[in-house]
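Subject: Structure handover

Hi,

Here is the structure I promised to pass on to you.

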Amino acid sequence: MRGAWGMAIVERSGARRTLSSKVVEILRREIEDGDYAVGDKLPAEPVLVERFGFSRTVIREAIAALRADGLVESRHGVGVFVLGPRQVPESLELFTQATDKISDIIEELELRIGIEVEAAGLAALRSSPAQEAEIQSRLEAFGELVAKGLPTDQADFDFHMAIAQATNNGRFKSFLEQIGRRIIPRVKFRTAMGGVDPLPNRDKILLAEHSDIAEAIWARDPEHAREAMRRHLLGGIKRYRALTRPKRPEAATDND
């Protein structure tokens, strides 16, 4: 792990990203709910600072995340404008369509194995110190949300995006950017199920799995990084597959 000085920087950065994730969640929901129509201009940065009570840096990071997700665009000297709910090529709809079918979730995770396992290996080989710090920042932000029992969807996606960035192959980053955070299975599944989280106790497991991936990248161990990512995604398959199994009946009691 990193030294105390580096950890202090990461903790401050992680806290900032936790706050920006909150802003992202609220603004995304307002865009998706139609509070902001396509073409509407978002409030200016000082207005958002006053509304949320966070720093300008937090607000800028949130807007950058919305822009990366294809929900808004910045026009130099004019402002930030809403593009509307993300429109993706038909070829990528397999990830973006809401579904309550476990088989769809499993198939998507299998596809991700083919892409993100290699991304982890390349990140272990190619990541710069700044990119390693970014991965740690995303990991710390995820951990903070888990500790507080807060939603981790965006933080989960941000962690995987940081690894894609660290490959220094823009195709990996573009792939995740095109799909957005709905590549995270529970986002789609929960939407289709009316807000019900199918695996409410998964986050501590995910944190441990993310930690294994990050440690392997920092150790410059591409094979371990690939294996850790593979275990992480296979773990997701296992957890979702378990939802399809019928529950065992409760043991009989004398009152039955």
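This is a predicted model: local features need pLDDT of at least 70, side-chain atom pairs count only at pLDDT 80 or more; totals for chains, interfaces and linings use all residues.

**Overall fold**

The protein has eleven helices and two strands. Along the sequence they run α-α-α-β-β-α-α-α-α-α-α-α-α, so you can find your way around by helix number. Of its 256 residues, 46% count as buried. If you take contacts between residues at least 6 apart in sequence, 73% of them join residues at least 24 apart.

As a general point, nonpolar side chains tend to be buried together in soluble globular proteins. Here the largest nonpolar core has 26 residues, and the ones touching the most other members are Ile 135, Phe 159, Ile 163, Ile 213, Ile 217 and Met 229. Two or more residues of this core come from each of helix 5 (102-126), helix 6, helix 7, helix 10 (203-218) and helix 11 (222-242). Helix 5 gives the largest share, with nine residues.

Apart from neighbours within four places in sequence, Ile 135 is in contact with Phe 159, Ala 162, Ile 163, Ala 166, Ala 214, Ile 217 and Trp 218. There is also a second, separate core of 17 residues, and Val 23, Val 24, Ala 62 and Val 72 are among them.

**The second largest pocket**

This pocket holds about 410 Å³ of space. It is lined by 21 residues, of which Ala 65, Ala 68, Glu 134, Arg 138 and Asp 158 are the closest to its centre. Which elements build the lining? At least two residues come from each of helix 1 (4-32), helix 3 (56-68), helix 6 (129-148), helix 7 (153-166) and helix 8 (170-179). Helix 7 gives the most, with six residues.

By class, the lining has ten charged, seven nonpolar and four polar residues. Both domains take part: domain 1 (19-82) and domain 2 (90-244) each supply at least three lining residues.

**Cavities**

How many cavities of 30 Å³ or more does the structure hold? There are two. I looked at the second largest cavity, which has about 40 Å³ of space. Its lining is made up of Ile 115, Glu 116, Ala 119, His 160, Ile 163, Ala 164, Phe 172, Leu 176 and Met 229. Helix 5, helix 7 and helix 8 each give two or more of these residues. Seven of the lining residues are nonpolar, one is polar and one is charged.

**Two positive phi angles**

Most residues other than glycine have a negative phi, and two residues here are worth a click on that account. Asn 168 has a phi near 55° and is found in the loop between helix 7 and helix 8. Its relative accessibility is 46%, so Asn 168 counts as partly exposed. Arg 220 has a phi near 60° and lies in the loop between helix 10 and helix 11. With a relative accessible area of 38%, Arg 220 is partly exposed.

**Two more residues to look at**

Glu 25 lies in helix 1. Is it buried, partly exposed or exposed? Glu 25 counts as partly exposed because its relative accessibility is 23%, and buried would mean under 20%. Glu 25 and Asp 153 are 128 residues apart in sequence, yet their C-alpha atoms are 9.3 Å apart in space.

Ala 228 sits in helix 11, and it is buried, because its relative accessible area is 2%. Leaving out neighbours within four places in sequence, Ala 228 is in contact with Asp 212 and Ile 213. Ala 228 is also 17 residues from Ser 211 in sequence and 9.2 Å from it in space, C-alpha to C-alpha.

Best wishes

Conventions:
Residues are numbered from 1 along each chain as its sequence is written. Side-chain values use heavy atoms; hydrogens and water are left out. On a 1 Å grid over the protein atoms alone, a cavity is a set of points where a 1.4 Å probe fits but cannot get out, and a pocket is an open set with protein on both sides within 12 Å along at least five of seven lines; lining residues have an atom within 4 Å of a point. Grid points are joined across faces, edges and corners, and a volume is the space filled by probe spheres set on the points. Helices (H or I, at least four residues) and strands (E, at least two) are DSSP runs, numbered from the N terminus. Ala, Val, Leu, Ile, Met, Phe, Trp, Tyr, Cys and Pro count as nonpolar, Asp, Glu, Lys and Arg as charged, and the others, Gly among them, as polar. Domain bounds come from an automatic or database domain assignment. A nonpolar core is a set of buried Ala, Val, Leu, Ile, Met, Phe, Trp, Tyr and Cys residues joined through side-chain atoms within 4.5 Å. Buried means under 20% relative accessible area, exposed over 50%, partly exposed in between (1.4 Å probe, protein chains only). Contact means heavy atoms within 4.5 Å.
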